[in-house]
Amino acid sequence: MKLKKQVTVCGAAIFCVAVFSLYLMLDRVQHDPTRHQNGGNFPRSQISVLQNRIEQLEQLLEENHEIISHIKDSVLELTANVEGPPALLPYYTANSSWVVPPEPRPSFFSISPQDCQFALGGRGQKPELQMLTVSEELPFDNVDGGVWKQGFDISYSPHDWDTEDLQVFVVPHSHNDPGWIKTFDKYYTEQTQHILNSMVSKLQEDPRRRFLWAEVSFFAKWWDNINAQKKAAVRRPVPVGEHGRAVGPRMVLNSRLVGNGQLEIATGGWVMPDEANSHYFALIDQLIEGHQWLEKNLGATPRSGWAVDPFGHSPTMPYLLRRANLTSMLIQRVHYAIKKHFAATHSLEFMWRQTWDSDSSTDIFCHMMPFYSYDVPHTCGPDPKICCQFDFKRLPGGRINCPWKVPPRAITEENVAERAGLLLDQYRKKSRLFRSNVLLVPLGDDFRYDKPHEWDAQFFNYQRLFDFLNSKPDLHVQAQFGTLSDYFDALYKRTGVEPGARPPGFPVLSGDFFSYADREDHYWTGYYTSRPFYKSLDRVLEAHLRGAEILYSLAVAHARRSGLASQYPLSNFALLTEARRTLGLFQHHDAITGTAKEAVVVDYGVRLLRSLVNLKQVVINAAHYLVLGDKETYHFDPEAPFLQMDDTRLNHDALPERTVIQLDSSPRYVVLFNPLEQERLSVVSLLVSSPRVRVLSEEGQPLAVQISAHWNSATDMAPDVYQVSLPVRLPALGLGVLQLQLGLDGPRTLPSSVRIYLHGRQLSISRHEAFPLRIIDSGTSDFTLSNRYMQVWFSGLTGLLKGCVSWQSIRRVDEEQEQRVDMEFLIYGTRTSKDKSGAYLFLPDGEAKPYVPKDPPVLRVTEGPFFSEVVAYYEHVHQVVRLYNLPGVEGLSLDVSLLVDIRDYVNKELALRIQTYIHSQGTFFTDLNGFQVQPRRYLKKLPLQANFYPMPVMAYLQDAQNRLTLHTAQALGVSSLHDGQLEVILDRRLMQDDNRGLGQGLKDNKRTCNHFRLLLERRTAGREVQDGLSTSYPSLLSHLTSMYLNTPVLALPVAKRQLPGPALRSFHPLASSVPCDFHLLNLRTLQAEDDSLPSAETALILHRKGFDCGLEAKNLGFNCTTSQGKVALGSLFHGLDVVFLQPTSLTLLYPLASPSNGTDIYLEPMEIATFRLRLG
């Protein structure tokens, strides 16, 4: 009765608010002078004025319609709760389905109309070069271009430089892969340390010499192993009186290799990352790690980006580099046909702009190398036969020679004129491809300059050539050694602009450079999937690192505020640092790509697992402190951790095994960590030792649970292991507490029912009296699973999502029209010709063929109050499709897991195809680095393999009515080869090398779990898709679905102890909610002067997401509001004050404003911002 009164009062209040809102809107229409101004000259008659006001009122009503409809939903939820059974106790209906009543506390979804404008686009000028359009218009015809095979003949007149000399910068560099053919440590020991040691002595021999380096991971290892004298020769001197943090680039007082510009560290990341599979969290993290190391140890601040080896390029990188305050960048591996087109149109240098950018704030100047490779034969000019003669490492008698059979000759007084003339001809030809008379000529290759002899050969011979050229004014050339930034600085000077500004006449480009082909139809699209086990492990480590960073930062801040920092294991910071560096190392373009030797892959795997275990320790220690009711009782004992891990892995290539909680007479506690910045309603599943289990909330309230068997195989129940599943609402970034007791709670311990389809196979099945089990020997009729949002059809024969003309497989409950979504497995073979698929290349032998299993699969269907699932056991893949019966994000999509094992395949690739009735018309959408979405067109003129693209987090199809998004928890390759189809490559097993230097096939496959979410959304009437936009955005629901998939709840059991244990309390770190278009990317504790200890400052990194409001909003299960980009940081943290706040560049090297007393911040959509933060 009391609840009914509350509902009545609440309903009345809502009605009053609605009426009052209408009154205010009418009033606003009458008195708003701007409305009169904007409306033009109103007619004087009263009727016209009234008509205008009615139209304005209609507009305002339209704006508020969505909010009112959500108020209505909330009232319905409340009334349903009064009239139905007791709160959140599921009940079974007459039509054999479970109903979970709504929560007593409704949630709302309120999006400001201004926040919807961004995704509609249309602001600002269109760039001259839109890569989607370029690809559609190019013929990709591969005509033989003569000496420059993939290009054309270049001509010039000797008088082209009469008015302005050609200025040539030759840039010595050594590309060091942190793992590829050898492990990171082996490369360091055998090659890299020798390169860097020689660099110190050889650069000091002549101040005109220059050297370019990129990989900070190697540089940091070398730094830890050299003496103070060498360090002093390298580092940039700190000016007298400068202490503490750098404040932008420093004045240099005396000459050291970094300080005097002889040595440049380009990009400054921990590695030169892959740009296809890497997630933007990891890209930013490795950039911060590198930049922070450089600032602390060398006083260096990188100015230019250098990416010569990633296999295709993403626009996420230029965005991140620009936000880190770099002004210029270079890329190399771009499709040969695009290079040729850009060379012919003088577009090899351009301002790279983000697709959403309307005011050029994301522009960065980019140089694209024109030829096949970054090695010496392909960098001096168009003819590799000539350029190779100027790679003096290949002088006769050395270990390598020129494949064109004409060796280099040492430069002497007798031959210098002839040799210099030959080289100048190449320089001039290359120069004709660019708009300025400044020329960049890289001089290096993989692991070059590892012997003193090579330094001497290159530097002495080139200096003789330069001296000759520079002494002949009639040649109109000035040649010298330079760094990358020397080149860019000279170009800006020549074109009369500030560094980083757009030189007059240079084009603006937007889009990406996938997919890459280096010759013929050899598309590098295989590595989007190669070694998916480690692509998945990468993301598990990333999620753990983010969670550990945030929880550690919060625990340290709270411990310091309470005066207990001395009790807390601050030394865990060293574990965080190691994990940052491991994750950073794995972003290398031969690591996450799956393109290293088998032994190197093992080395990466061991590092990833070690860091994962360490991060679980960091999370456990922080959660232990934060969850204690009385912090004074906190005691850190490394030998006896307070909490257990949620799961364990036996070794680096094993799948995780979840921890089983042993139940006995004393209660067990579990701490749950929600790493999301939003409150979350999720089903949490725990493994326990008995089916007789009661679960209580933190307050001791008994909770309804679903109890299920735990299966070892299709038909074998695990003895003494059971799964207990229940919905839990967890605070944003916070910790919840559950209590488990042995014993039954009749109405609340609800068993799952199971039926097994054997399809005529004679198999023994284990049973348990706790679970109703039905065996269907030969039935093949289709069946459905449903929740409050959708009904899903499955084939009784295959267990896969099923659809044909009359039956559709996913039907949203509120929708008359059904939507077909079929799933099937496919097999790709490889070519029979000499060129076959390998770690890099995808060279299929035609379209995929259906996967035909030897036996029909055993199907197991489990149904219960909180989730139902269908498991199909095939020989090479076990598919689990799960439907959560829960309001909000969790219940609005299908959870799909595929356990893939193709270790007996020979030259085959396993793919998943999703077929729909969506009229996609050859267009599909894939994400780039989890940061932005890129529209794609299926191009018939290109081979099948060219139409595959990276999918780090999602791909979708859409038409005027619907959008279907496949969310993924690991990077894989994806395409849409026919209308309404998405196709994902799940794993590849290939027996041969593909001739790109690896020297191995892909034969070390693992049992791999691929995890997806399938989300079907309907377009709102009147919010049709705009054709031809170069941007597209997920909905807020889609963003959150991706977050739920990629950052699961961590369930940490409290270790068994003597009672009574300390009182545990849930931890609510946020005092106010974060707007739901904001993502807290990281709260990263910064290093103190002592490397292994934390400072009092953290880096708060926020991302405001772009989102599409044109898809129907649903109740997300929590209060979701947007705030037009404003966040009040001062009142964000519960129990902590923001005592210092300073906006900085992305990697904290440059302050963007002085520290302010105000703590309110503003972000534009899509922007990522970093703040130095001190919590107290």
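1. Let's begin with Gly299, which comes just after helix H8 and takes a positive phi of about 65 degrees. Please keep in mind as you read on that this is a predicted model.

2. How far apart are the end C-alpha atoms of H8? They are 26 Å apart, and this agrees with the 26 Å that the 18 residues of the helix (residues 280-297) should span at 1.5 Å a residue.

3. Asp285 forms a salt bridge with Arg1084, and the closest N and O atoms of the two are 3.1 Å apart. This pair links distant parts of the chain, since Asp285 sits in helix H8 and Arg1084 in strand E47 (residues 1078-1087), 799 residues apart. Asp285 counts as buried at 2% relative accessibility, and Arg1084 is buried too, with a relative accessible area of 2%.

4. The structure holds 63 salt bridges. In one of them, the side chains of Asp115 and Arg1104 meet at 2.9 Å, N to O. Asp115 lies in the loop between strands E3 (109-110) and E4 (129-130), while Arg1104 belongs to strand E48 (residues 1094-1104), so the pair ties together parts that are 989 residues apart in sequence. Both Asp115 and Arg1104 are buried.

5. Are the partners in the next pair buried or partly exposed? Asp664 forms a salt bridge with Lys1056, with 2.7 Å between the closest N and O atoms. Asp664 is in the loop between strands E17 (660-661) and E18 (668-673), and Lys1056 is in the loop between strands E46 (1050-1053) and E47, so this bridge ties together parts that are 392 residues apart in sequence. Asp664 counts as partly exposed at 24% relative accessibility, and Lys1056 counts as partly exposed at 48%.

6. There is also a salt-bridge network to look at: Asp391, Lys393, Arg394, Arg448, Asp450, Lys451 and Glu454 are joined into one network by salt bridges that share partners.

7. Finally, a word on Ser893, found in the loop between strand E35 (877-884) and strand E36 (894-900). Ser893 has a relative accessible area of 0%, so it is buried. Its side chain makes a polar contact of 3.2 Å with the side chain of Arg1013. Leaving aside neighbours within four places in sequence, the residues in contact with Ser893 include Met790, Leu883, Leu1014 and Thr1041.

Conventions. Residues are numbered from 1 along each chain as its sequence is written. This is a predicted model: local features need pLDDT of at least 70, side-chain atom pairs count only at pLDDT 80 or more; totals for chains, interfaces and linings use all residues. Side-chain values use heavy atoms; hydrogens and water are left out. Helices (H or I, at least four residues) and strands (E, at least two) are DSSP runs, numbered from the N terminus. The expected span of a helix is 1.5 Å times one less than its number of residues. Buried means under 20% relative accessible area, exposed over 50%, partly exposed in between (1.4 Å probe, protein chains only). A polar contact is a pair of N or O atoms within 3.5 Å; within protein, one must be able to donate a hydrogen and the other to accept it, and residues adjacent in sequence count only if both atoms are side-chain atoms. Contact means heavy atoms within 4.5 Å. A salt bridge is a side-chain nitrogen of Lys or Arg within 4 Å of a carboxyl oxygen of Asp or Glu.
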